[in-house]
Amino acid sequence: MTEADADAVLAIFQAGIDTGDASFETAAPTWAAFDASRLPAHRLVAVDGDTVLGWVAVTAVSARPVYAGVVEHGVYVSPAARGRGVGLALMNALIASTEAAGVWTLQSGVFPENTGSVALHRRCGFRVVGTRERIGRRDGRWRDVLMLERRSTIAGRD
């Protein structure tokens with residue numbers, strides 16, 4: 001993912017936000033804010049020719065060194081590309097990228113109603129480690145968030 005992908009990445013992010021089941025956010029950030037908050041080494045796009053089909057990116061969960069191998073990710077697929085394996089390809093690439101860098105835990109918070117995302121994560125080896133009940137409000141409605149986690153079978157095993 002580069003700055004050249006910014007418009008497409010943010011449009012796909014907004015399309016996910018607009019579903020009401022992808023994020024507590026109501027508007028995609030500016031590219032500057034997006035860029036500043038995601039780790040550069042693990043920001044990936046899926047493309048078909050010149051068209052960005054989806055993206056995945058991670059943020060550090062903490063600046064504390066003890067959590068250096070733990071990141072939170074988001075994965076978003078263009079509405080036109082859903083159901084074509086784009087999310088799975090992005091997640092597999094992210095797992096390979098993060099494990100090669102020594103990341104031992106990928107985590108994400110997903111609304112339970114986002115059944116496609118929950119299924120994708122389970123297919124990629126994630127498990128539900130808890131539910132944060134009524135953790136936040138979106139559009140005047142309290143929402144639960146499933147906490148999903150994938151522990152590496154390679155990194156952090158020593």
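How do the residues of the lining of the largest cavity divide into nonpolar, polar and charged? They divide into 4 nonpolar, 3 polar and 3 charged. In this count Ala, Val, Leu, Ile, Met, Phe, Trp, Tyr, Cys and Pro are nonpolar, Asp, Glu, Lys and Arg are charged, and the others, Gly among them, are polar.

Before the tour begins, please note that this is a predicted model, in which local features need pLDDT of at least 70 and side-chain atom pairs count only at pLDDT 80 or more, whereas totals for chains, interfaces and linings use all residues. Residues are numbered from 1 along each chain as its sequence is written, and side-chain values use heavy atoms, with hydrogens and water left out.

**Stop 1: the cavity**

Select Ile 95, Thr 98, Glu 99, Val 103, Trp 104, Thr 105, Leu 106, Arg 150, Arg 151 and Ser 152, which line the largest cavity. A cavity is a set of points, on a 1 Å grid over the protein atoms alone, where a 1.4 Å probe fits but cannot get out; a pocket is an open set with protein on both sides within 12 Å along at least five of seven lines; lining residues have an atom within 4 Å of a point. The space in the largest cavity is about 40 Å³, where a volume is the space filled by probe spheres set on the grid points, which are joined across faces, edges and corners. By this rule there is 1 cavity of 30 Å³ or more.

Now colour by secondary structure; helices (H or I, at least four residues) and strands (E, at least two) are DSSP runs, numbered from the N terminus. At least two residues of the cavity lining come from each of α3, β4 and β6, and α3 provides the largest share, 3 residues.

**Stop 2: the strands beside the cavity**

Select β4 and β6 together. These strands run antiparallel and are joined by 6 bridges; two strands pair if DSSP finds at least two bridges between them. Thr 105 stands opposite Arg 151 in β6, and both residues are in the cavity lining. Further along, Ser 108 stands opposite Leu 148 in β6.

Strands β3 and β4 pair in the parallel sense over 3 bridges, and Val 71 has Leu 106 of β4 as its bridge partner. With α3 shown as well, β3, α3 and β4 make a right-handed β-α-β unit. Right-handed here describes a crossover in which, with the strands pointing away from the viewer, the path from the first strand over the helix to the second runs clockwise.

**Stop 3: the nonpolar core**

Select Val 86 and Met 91. Of the 22 residues in the largest nonpolar core, these two touch the most other members. The elements giving two or more residues to this core are β2, β3, α3, β4, α4 and β6, with α3 giving the most, 5 residues. A nonpolar core is a set of buried Ala, Val, Leu, Ile, Met, Phe, Trp, Tyr and Cys residues joined through side-chain atoms within 4.5 Å; buried means under 20% relative accessible area, exposed over 50%, and partly exposed in between (1.4 Å probe, protein chains only).

**Stop 4: the largest pocket**

Which residues lie nearest the centre of the largest pocket? Select Ala 22, Val 75, Tyr 76, Asn 114 and Ser 117, which hold that place among the 40 residues of the lining. About 1100 Å³ of space lies in this pocket. Strand β3 gives the most to the lining, with 6 residues. The lining as a whole divides into 17 nonpolar, 15 polar and 8 charged residues.

**Stop 5**

Select β5 (127–138) and β6 (141–151). The two strands run antiparallel, joined by 8 bridges, and Val 128 has Leu 148 of β6 as its bridge partner. They form a hairpin with 2 residues between them. Most residues other than glycine have a negative phi. Asp 139 is exposed, with a relative accessible area of 67%. Arg 134, placed in strand β5, also has a positive phi, of about 45°, and counts as exposed at 51% relative accessibility.

**Stop 6: helix α2**

Finally, select Ala 32, in helix α2 (residues 31–37). Ala 32 is exposed, with a relative accessible area of 56%.
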